[in-house]
Amino acid sequence: MTKKKSILADQRVIVCLVIAALVIIYFIFSPEFRQYSSILSMLDFSYYDILMAIGVTFPLITAGVDLSIGTGMVCYALIAGRLIRDFNLPVVLAMLLCVLMGCVVGFANGFLIGVMNLPPFLATLCTCMITRGIGSMIMATPWPTNKQPGGWFHSIFKLTFGTGRSATKIPIGFVLVVLLVILMEFVLNHTKFGRYTIAIGSNKEAVILSGINVKFYHVMAYVICGCFAGLAAVAYAAVVPTIQPGTGAGLELDAIGGVFVGGVSARGGYGSVLGTLAGVMVIVLLKTGLPYVGLQANWQQIITGMVLIGAVMIDVAKRRRMAKEQ
Amino acid sequence: MAATEAILTMENIDKTFPGVHALDHVHFDVRSGEVHALMGENGAGKSTLMKVLTGIYSKDSGTITYEGKEVEYHNTREAQDAGIVIVHQELNMVGDLTVAQNIFIGREFMKGFRIDDKKMIEESRKLFEELKIDINPRDKMSDLTVGKQQMCEIAKAISHQAKVIIFDEPSAALTEKEIEDLFLIIRDLRAKGLAIVYISHRMDEIKVITDRVTVMRDGGYVGTLITKDCTKDDIINMMVGRVIYEEPKTESHVPKDAPVVLKVEHLNAGRMVQDVSFELRKGEILGFSGLMGAGRTETARALFGADPKTGGDIYVNGEKVTINSPQDAVKHGIGYLSEDRKRFGIVVQKTITENSTLASMENYMNGPFIDKAAEKEVTEKYIKELSTKTPGADQLVVNLSGGNQQKVVIAKWLVRNCDILIFDEPTRGIDVGAKNEIYKLMNRLTAEGKSIIMISSEMTEILRMSDRIVIMCEGKKTGELDISEATQEKIMTKATRDIS
């Protein structure tokens, strides 16, 4: 067991080393990156990825997937934005509505997968298309900007604690996201829901035959995922200037990729939310950081792909070692 | 026979894995025209030795001589091409392909760019004729019984022009009748001059089918015996270093007035469970005997709510209950230990603790959170009580041996406080020593007032453990015997009643 643990810890350690290496490289080669504001703006664009990733960690641990979070996120943000602009919905209600819509779509996914036994890839591909379709029907609807009435919600994600020189300011969004990571890590490891989520991914049949209401917990994994997609919608609306209708496809892939980089097993049954946070940070650093060192954004995709291959290879090697020990 | 030269000799084979001396200068040889048993408890090194032979592992030292030449294979393909083939315990068949496609997988006959299915079917048919097996090469593999699939695996081995065939626990999943068929084939192959290595845990088979026995223990070579000159006890002694066989039960241990804890009436669930009724009494071990496919597992799964029922009433402690899901069954104190532990019983990549409390989480909660201390405490209690061999409660179950994994599943239901336990093939894939422990444990549980339904395909197990025996055949209950009147013959007659 101690040996196992050290291997598992390895992947997270490796990921942290990768993060450190990237930050150091950027620091050395880019004077711009050294400014605190650059780091803040990079973090701004990481929140929705991290939130989506926290959520999708759960379906991925059950050996499923949720492809609908990217388009879903944009769709919820559009609907809520439209309601704010045209129907004067209070912003706070709009934010709750985003989360609620996320939960509903998550429940739909969970129902199709956990109860109707549709393959997760297929079920969420369908809801991905549906949410994208609904998203396309809504007119481009900016949420109130920072200076407009109701724009306070930007503060949650864009503003910082503290006063005085920028270096002492702590981004509120980052604090919030880290708290959520810690909360969900705790949920994963210390609650029935978390334990069963992992067990379902490891051996669903055995869990059913242990007399556990597997359908409920399986559905719940997707509801949690949807809920975080709803939170991501708020974070997304807070940081992008305008939300384009019909977009969002592909955004989920950054989050899912991050989860895998963070050490969730590609076959389910193992994972951690802390790992997810680290994994997503790697993706975010690649996505927003490479331009600082003069590399085209295209390179981000290529390098991310390679990093992902590396991460999955660690998982495969781990399994092979386990199989050998047996 | 002793005059024949060995076709294959392995000498001083040594292999070390990190932390384990898996093979310690092992000697093994097999001659053309003999069946040579390779025995030993799980983990004794039998499979490792065969994996070294067929190139899955490379040896650290030692020599392998085959047909007079020193050889070393780097993968199974090379070994196959040379004529050394393994028939695996777990069948390596692609369920969705036909029999013929499976047999010639990887070396399909081609007609230009097209696969020549016709020729493959024809060749398969020839193979089956040679082996006197009745299988249609066009059938889908997944439609065949386990026994038939095994026959296909043998046919595949022979189609490689094999000179040495290794059977790795071939009988583990077969019925008595299928085992007989298998033995006919093995004898036939022996007569044709093939060298056969037979790995098995089943003592009876070894006596029946093999010419020599080589025993391994803890990675070391213990010795080789001529089968007809030795007794079961000789072999077992070599395997474990102690005599462990127990006599069959002769009479029921259950008092006449013991209350009925479970009553099943007219249970129906598809073709495999037709109108099955029985009673289980407190402290009783009720054996379910029958051939593979008799509907015993299906009956248990329907009773447990794992598969849908079409009819029937279930009474627990005299009260009628509704069981539509495993959840309901567990609520009424019924626990099910599946025949396929890895698939249905345990979560192998999780710890003993997590598995032990899996069915009774709600008792180990502190508000919304899991009470890990309490969890660990109860797990350690059962590790001690069941004498599970493990370095600790947080050991991953995947690292335990079959017998100890089974104990973890038992612990799961004991933690849940289940009074009715369904053991489906409780000792499948478990070595002799551990088997005995499981038996003792079952006897202890019934002495403590638990009641057990035991499904078993092993006649010796049925006769040794059961107080009463229910016999099934093709989805119907065909008989019920008290242990005092049960004999192998009586059970077999009922188990095959409808089979012509």
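This passage looks at a helix pair in chain A and a sheet with its covering helix in chain B. The model is predicted, so local features need pLDDT of at least 70 and side-chain atom pairs count only at pLDDT 80 or more, while totals for chains, interfaces and linings use all residues. Residues are numbered from 1 along each chain as its sequence is written, with chains lettered from A and ligands numbered from 1 in the order in which they are written.

In chain A, the axes of α4 (residues 69-87) and α6 (residues 120-137) come within 8 Å and cross at roughly 30°. Axes here are lines fitted to C-alpha atoms, for helices over the stretch in contact, and angles run from 0 to 180 degrees between N-to-C directions; helices (H or I, at least four residues) and strands (E, at least two) are DSSP runs, numbered from the N terminus. That crossing makes α4(A) roughly parallel to α6(A) (angles under 35 degrees count as such). On the α4(A) side, A:Thr71, A:Gly72, A:Val74, A:Cys75 and A:Leu78 meet A:Cys128, A:Thr131, A:Arg132, A:Ile134 and A:Gly135 of α6(A), contact being C-beta atoms, placed from the backbone, within 7 Å.

Over in chain B, six strands make up an open, mixed sheet ordered β18-β21-β22-β15-β23-β24, where pairing takes at least two DSSP bridges. Strands β18 (334-337) and β24 (476-482) of chain B sit at the edges with a single partner each, so one side of each has no neighbour in the sheet. From one strand to the next, the twist averages 20°. Strands β15 (residues 285-290) and β23 (residues 468-473) of chain B run parallel, joined by five bridges, and B:Leu286 stands opposite B:Arg468 in β23(B). Lying across β15, β21 (420-424) and β22 (451-455) of chain B is helix α15 (residues 432-447), which runs at about 145° to β22(B).

How values were computed: Angles under 35 degrees count as roughly parallel, over 145 as roughly antiparallel, 65 to 115 as roughly perpendicular and the rest as oblique. Two residues are in contact if their C-beta atoms, placed from the backbone, lie within 7 Å.
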